Amino acid sequence: AGLYMLYRLRQLGMTARVYESGDGVGGTWYWNRYPGARCDVESMQYSYSFSEELQQEWEWTERYPKQAEILTYINHVADRFDLRPDIQLETRVVSATYDEASQRWTVETDHGDKVCAQYVISAAGCLSAARVPEIPGLENFTGKQYHTGHWPHEPVDFTGQRVGVIGTGSSGIQIIPVLARQAKAVTVFQRTPNFSIPAWNRPLPREDQQVWKAQYAENRERARSTRSGILYDYSQRAAFAVDETERQQEYERRWARGGANFTHSFNDIYSDRQANDTAAEFVRGKIRDLVKNPTVAALLSPTDHAIGTKRICVDTDYYETFNRDNVSLVSIKENPISEITTRGVRTEDGVEHELDLLIFATGFDTVDGQYTRMDLRGRGGRTIQEHWAEAPTSYLGVATTGFPNMFMILGPNGPFANIPPAIEVQVDLVFDLVKAAEAASAPVVEVNRETEDGWTATCQMIASYTLFDRAESWIFGANIPGKR
Ligand code: N01
């Protein structure tokens, strides 16, 4: 988001400075370099579309791009468009304060930089404030601890190690099978099981890419008009418009193709619980087929939420991994973690699970976490924490009242969709706003309260048509105690 925003601001002839806390560009794909990290949107759809030359020249190697390849791609973009001179690495923005008299922002960094700016734009992402839960005794563990979202740059060797993993969302589901192939033992601490669909990842032949590239512009346009920004095969049929045999055939066909396309088997899966149950039960049946131990299969089978309403996972060998002798599953729903000890994790049944290494795949303080950890102050010195005390809101994901000339890319109530096109749409909107303001010599762009409230109501109305808001998901902050 930061790279493309910079590219666009240069088109307006503006000077811009980009601050980045990492020692390289790439954001999500810079930080989340855990083994098995891969995007679950297909390569041909997970990239920038703003440059025809870029999208024609770049070659992907696999159906789903792995982390290292996406990071290489992002670095290529930074070089190709000569963006690096305006990016200051290893620098975290600690505060931004709006001065009403001068109508300027003062931005301060952890290096003591203090700069004055007319516009402040946050491209800090929506899944970037990695979160380790507060578990008693955390500091006592003598082994190594890692969070998937803050993975070290040097390789971690799991050979001969007893590894514990807390968390079974997209990150956990990706790392667990890789660990199991190398470690001596893997203990998975699962609070809530998630639904996962096989990726069936494979090399991406050049000819297949050529077919796609021949109509890239048209494909992108079509993708942008879909609800997820991805060209899936969206069914136009309701689940009960077909009989049981045809429904199962459809699910089998989608399962065999792999990926999140599965949840679009019928057009009411996200809006009708009974329709959703048919898809959920199909996946639970697959789990029972794949996992040999029926007790483990039952524990891995989600029953607490409608399929797809906690973000669907896409995996390689996830369920099969639980058939291995060196993998064990501890359901911490029934048997919660009571403490972390010097040697491992103790659960309430008194068992101490001894570990050499503990991995937190526990997700992020999402939606507003990356804003609230900065000291952002708008009109009247009001902090972002005060402003969003009830709930984080915005207008279209890009602006919030009381914070003039501050824009967000993928802010609260912004698009929940394929990230690269969502970023491009948001950046283009900010570009248009800034361009219009400059053309009109308007010193300030600000959304008014009524408009922002209207957008919040619209988002709530749309969510109420779906099953999403009934799930305890990070999408609504449910993963942080007291946040929802
Ligand atoms: O994080 P998550 P993630 N004690 O929040 C558990 C994107 N992504 O990093 O469900 C015990 O989904 C928590 O349990 P529960 C994608 O959008 C994409 O996996 O809250 N457990 C859950 O199981 C994704 O949705 C890709 O009960 C605790 C897990 O930790 C988003 O990032 C890959 C706990 C957190 O799951 C986030 O995914 C990776 C506690 N105190 C990520 N606190 C791809 O494209 C939390 N948990 C493939």
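**Note on a predicted protein chain**

1. The protein chain carries 50 positive and 65 negative side chains, and the centres of these two sets are 2 Å apart. Lys and Arg count as positive, Asp and Glu as negative, with His and the chain ends not counted; the place of a charge is NZ of Lys, CZ of Arg, CG of Asp or CD of Glu.

2. This is a predicted model, in which local features need pLDDT of at least 70 and side-chain atom pairs count only at pLDDT 80 or more, while totals for chains, interfaces and linings use all residues. Residues are numbered from 1 along each chain as its sequence is written, and side-chain values use heavy atoms, leaving out hydrogens and water.

3. The protein chain has 15 helices and 18 strands (DSSP runs numbered from the N terminus: helices are H or I of at least four residues, strands E of at least two). Its C-alpha trace spans about 70 × 55 × 45 Å along the principal axes. The radius of gyration is 23 Å, which agrees with the value near 23 Å for a compact globule of 484 residues (taken over C-alpha atoms; the rule is 2.2 Å times the number of residues to the power 0.38).

4. Of the 484 residues, 52% count as buried (under 20% relative accessible area; exposed is over 50% and partly exposed in between, with a 1.4 Å probe and protein chains only). The accessible surface comes to about 21,600 Å², and 50% of that belongs to carbon and sulfur atoms (Shrake-Rupley method, 1.4 Å probe; for residues, only the protein chains shown count as cover). Among contacts between residues at least 6 apart in sequence, 69% join residues at least 24 apart (contact means heavy atoms within 4.5 Å).

5. Thr-168 sits in the loop between strand 8 (162-166) and helix 5 (170-182). Thr-168 is buried, because its relative accessible area is 6%. Its side chain reaches the backbone oxygen of Thr-192 at 3.0 Å. Not counting residues up to four places away in sequence, Thr-168 touches several residues, including Ile-173, Val-188, Thr-192 and Tyr-318.

6. Thr-383 is in the loop between strand 17 (375-377) and helix 13. With 11% relative accessibility, Thr-383 counts as buried. Apart from neighbours within four places in sequence, Thr-383 contacts Asp-375, Leu-376, Arg-377 and Phe-403.

7. Pro-392 belongs to the loop between helix 13 (384-387) and strand 18 (406-408). Its relative accessibility is 23%, so Pro-392 counts as partly exposed. Neighbours within four places aside, Pro-392 is in contact with Val-367, Asp-368 and Pro-412. Pro-392 and Tyr-371 are 21 residues apart in sequence and 9.9 Å apart from C-alpha to C-alpha.

Conventions
Polar contact = N/O pair within 3.5 Å; in protein donor to acceptor, adjacent residues only side chain to side chain.
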